[in-house]
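Colleague: I'd like to go through the terms in your annotation, one at a time. Could you show me the structure and set each value against its definition?

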Amino acid sequence: MAVLTAGSLIWIAGAVPAAARDYRYCLQSRTTGIPGDCSFRTRAACMAAASGRMATCAVNPRVAFGRDHRRGRVNSNR
């Protein structure tokens with residue numbers, strides 16, 4: 001039983017949160033800035049999150065241009 005408990009604790013401690021990814025649409029507002037929160041795969045999901053928050057949705061510039069201009073390399077988050 002002790003081995004099972006120890007194994008479970010190690011497994012839980014080793015769990016990492018999902019990696020933040022840049023998706024096609026970004027939620028933009030005064031608090032999120034530009035490009036904003038780019039965690040939306042669809043415009044509908046972004047617009048639903050923007051509803052009632054004085055926010056809008058825009059295409060993620062890193063996805064639209066296919067490059068991460070800050071680092072000068074191809075964006076593989078499509």
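Colleague: Why is C57 called buried?

Modeller: Buried means under 20% relative accessible area, exposed over 50%, and partly exposed in between (1.4 Å probe, protein chains only). C57 has a relative accessible area of 9%, so it counts as buried. This is a predicted model, where local features need pLDDT of at least 70, side-chain atom pairs count only at pLDDT 80 or more, and totals for chains, interfaces and linings use all residues. Residues are numbered from 1 along each chain as its sequence is written, and side-chain values use heavy atoms, with hydrogens and water left out.

Colleague: How do you know that a disulfide joins C46 to C57?

Modeller: A disulfide is a pair of cysteine sulfur atoms within 2.5 Å. For C46 and C57, the S to S value is 2.1 Å, so the pair meets that cut-off.

Colleague: What makes the disulfide of C46 and C57 left-handed or right-handed?

Modeller: The torsion about its S-S bond is about -105°, so the link is left-handed. C46 lies in helix α2 (residues 43–50) and C57 in strand β3, so the bond ties together parts that are 11 residues apart in sequence. Helices (H or I, at least four residues) and strands (E, at least two) are DSSP runs, numbered from the N terminus.

Colleague: And why is C46 called buried?

Modeller: Its relative accessibility is 0%, so C46 counts as buried.

Colleague: How do you know that β1 and β3 pair?

Modeller: Two strands pair if DSSP finds at least two bridges between them. β1 and strand β3 (residues 56–59) have four, in the antiparallel sense. In β3, A58 is the bridge partner of C26.
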